[in-house]
Amino acid sequence: MLTVLVLALCCIHSGNGQTCTEGFAYDRRARVCVDIDECRTVPDACRGDMQCVNQNGGYLCIPRGLYSQPTYPRAGERAGGRVPAIVEREPAYSDTSRGYPEAEPYPLPPPPGPVAPSYPIVSRSAPCILGYTLSEDGTCNDIDECVTDSHQCNPTQVCINTAGGYTCSCTEGYWLVGGQCQDIDECRYGYCQQLCANVPGSYSCSCNPGFTLNPDSRTCQDVDECADEPCSHGCFNTYGSYMCNCDEGFELASDGTTCNDLNECGFSEFLCQHRCVNTPGSFQCHCPGGYYLYEDGRSCEDINECETGNNTCTTAQVCFNFQGGYTCLDQLKCDPPYIELSDNQCMCSSENPACRDRPFTILYRHMDLSSGRSVPADIFQMQATTRYPGAFYIFQIKGPGNEGREFYMRQTSNVSATLVLSRPIKGPRVLVLDLEMVTVNNVINFRGSSIIRLTIYVSEYPF
Ligand SMILES: [Ca+2]
Ligand SMILES: [Ca+2]
Ligand SMILES: [Ca+2]
Ligand SMILES: [Ca+2]
């Protein structure tokens with residue numbers, strides 16, 4: 001048991017220096033672990049421009065220019081007999097190539113003169129490169145010149161902080177002219193499609209009436225005014241505006257949107273034969289009683305009450321139609337000494353002494369005449385039905401009915417004559433004219449007459 005223990009102890013102490021921690025070697029004579037000088041024993045312990053500095057239990061690689069005198073690290077910085085944190089710290093110097101440090105600033109060399117005895121301990125008082133300031137945790141932080149007001153930008157410029165420095169620039173809408181930020185006159189450069197207003201640092205576009213600014217705030221597009229239905233009737237959108245139009249029978253009012261009814265009746269008094277009634281968008285012709293509106297929409301046509309049956313005549317009567325009315329004619333009754341020859345003719349017999357100096361026959365005729373008919377107008381013709389050799393005929397108007405001398409008889413041949421209307425006659429009126437035909441035969445010394453009793457119904461209207 002004792003032997004095993006001695007052997008075990010013997011093995012530990014005689015085991016090729018393996019009992020020392022890394023960085024130290026066992027000195028058999030002194031029976032202690034001594035530091036290994038890696039700078040001598042390790043080939044290329046430091047790369048590149050780095051200089052190897054041996055430490056107790058380790059070694060340092062530091063930039064050659066920074067090395068002044070090797071020294072032992074303080075006890076507190078020894079970790080397990082070596083300083084591994086410092087060995088391999090390449091970023092500490094590689095960042096210098098960029099001109100400024102980032103996360104791991106490396107310490108600057110101490111000022112000239114007496115060499116700091118404690119290197120490589122970082123000197124807390126060492127300044128950072130220009131534009132950086134040392135913070136309490138030992139890192140170099142960028143100075144924000146814009147906040148600390150240590151910049152040199154002029155009042156028109158804006159200070160923008162950068163890592164290790166700052167820049168002066170103009171804000172949007174300004175440009176640098178002669179070191180000063182001056183407003184850009186965007187209007188001069190056609191930024192706006194239509195209207196442009198330059199303002200310091202910016203500009204604003206607007207559009208002419210009838211256009212609206214697009215979301216790009218620069219271009220304009222036509223407003224479709226018709227979408228809001230501004231017109232009473234039709235609407236046509238146009239580029240920059242719109243136009244209203246009206247349905248037939250309407251006219252556009254002065255406001256350009258409202259449609260007013262046209263008073264067609266005011267255009268012409270001949271639009272309707274009788275009466276014009278204006279209606280919204282149109283007009284209508286009206287006819288007086290006894291007439292109907294013809295299919296042309298403006299003329300008045302007489303209603304033939306005798307044909308339509310819309311009359312009050314009895315079966316014993318004869319219906320006579322005239323313009324604008326009708327009348328019921330009683331059955332012919334001849335006054336004595338006349339006797340009835342036919343249903344419209346009375347005769348006075350030559351054998352009857354009472355018939356001397358009376359017309360031999362009276363023929364009843366009816367006609368209608370339009371009021372205001374133009375004159376002269378031939379309106380009725382009469383003719384001898386029997387001719388006697390050597391006889392001649394005289395035609396004349398007899399008795400009452402022509403006091404106004406509106407008519408006269410014009411002989412058209414030996415045996416015929418025409419009743420002529422010579423003056424305008426105004427209705428409604430009923431005239432009875434006795435048109436006499438006198439037969440004269442000097443050979444047999446005969447003189448006789450016959451009459452046409454013409455009843456003329458003059459209408460109220462000239463149609
Ligand atoms: Ca501007
Ligand atoms: Ca438009
Ligand atoms: Ca109208
Ligand atoms: Ca009638």
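Is aspartate 434 buried or exposed? Aspartate 434 is buried, with a relative accessible area of 13%; buried means under 20%, exposed over 50%, and partly exposed in between (1.4 Å probe, protein chains only). This is a predicted model, in which local features need pLDDT of at least 70 and side-chain atom pairs count only at pLDDT 80 or more, while totals for chains, interfaces and linings use all residues. Residues are numbered from 1 along each chain as its sequence is written, chains are lettered from A and ligands numbered from 1 in the order in which they are written, and side-chain values use heavy atoms, with hydrogens and water left out.

**Confidence**

- The protein has an average pLDDT of 81; pLDDT is the predictor's confidence in each residue, from 0 to 100.
- A score of at least 70 is reached by 81% of the residues.
- Residues 1–18 have a pLDDT below 50. This stretch has 5 contacts in the model beyond near neighbours in sequence, a contact being heavy atoms within 4.5 Å.
- Residues 66–124 also stay under 50 in pLDDT. For them the model has 68 contacts beyond four places in sequence.

**Calcium ion (ligand 1)**

- The protein donors are Asp183 (OD), Asp183 (OD), Ile184 (O), Glu186 (OE), Asn198 (OD1), Val199 (O) and Ser202 (O). They lie 2.3 to 2.9 Å from the calcium ion (ligand 1).
- Donors are N, O and S atoms within 2.8 Å of the metal (3.2 Å for Na, K and Ca); water is not among the atoms, so sites may look incomplete.
- The donor residues are spaced D-I-x1-E-x11-N-V-x2-S in sequence.
- Aspartate 183 sits in strand β10 (residues 180–183) and serine 202 in strand β12, so the pair ties together parts that are 19 residues apart in sequence. Strands (E, at least two residues) and helices (H or I, at least four) are DSSP runs, numbered from the N terminus.
- Aspartate 183 is partly exposed at 24% relative accessible area. Serine 202 is partly exposed at 31%.

- Strand β11 (residues 195–199) and strand β12 (residues 202–206) pair in the antiparallel sense over 5 bridges. Two strands pair if DSSP finds at least two bridges between them.
- Valine 199 stands opposite serine 202 in β12.
- The hairpin has 2 residues between the strands. Glycine 201 takes a positive phi near 85° in this hairpin.

**Calcium ion (ligand 2)**

- Asp222 (OD), Asp222 (OD), Val223 (O), Glu225 (OE), Asn237 (OD1), Thr238 (O) and Ser241 (O) are the protein donors here. Their distances from the calcium ion (ligand 2) are 2.3 to 2.9 Å.
- In sequence, the spacing of the donor residues is D-V-x1-E-x11-N-T-x2-S.
- Aspartate 222 in strand β14 (residues 220–222) and threonine 238 in strand β15 (residues 234–238) link distant parts of the chain, 16 residues apart.
- Threonine 238 has a relative accessible area of 27% and is partly exposed.

**A three-stranded sheet**

- An open sheet is formed by 3 strands in the order β28-β31-β30, with antiparallel pairing.
- β28 (377–383) and β30 (407–411) are the edge strands, each pairing on one side only.
- Neighbouring strands of this sheet are turned by 25° against each other on average, direction ignored. Axes are lines fitted to C-alpha atoms, for helices over the stretch in contact, and angles run from 0 to 180 degrees between N-to-C directions.
- β28 is joined by 6 bridges to strand β31 (residues 416–421), and the two run antiparallel.
- Methionine 382 has alanine 417 in β31 as its bridge partner.

**Salt bridges**

- The structure holds 5 salt bridges. A salt bridge is a side-chain nitrogen of Lys or Arg within 4 Å of a carboxyl oxygen of Asp or Glu.
- Aspartate 378 and arginine 410 form a salt bridge, with the closest N and O atoms 2.9 Å apart. The pair links strand β28 to strand β30, 32 residues apart.
- Aspartate 378 is partly exposed at 45%, and arginine 410 is partly exposed at 33%.
- Arginine 453 and aspartate 434 form a salt bridge at 2.8 Å between the closest N and O atoms. Arginine 453 is in strand β33 (residues 446–458) and aspartate 434 in strand β32 (residues 429–441), 19 residues apart.
- Arginine 453 counts as partly exposed at 25% relative accessibility, whereas aspartate 434 is buried.
- Arginine 40 and aspartate 37 meet in a salt bridge through their side chains (3.0 Å, N to O). Arginine 40 counts as exposed at 72%, whereas aspartate 37 counts as partly exposed at 22%.
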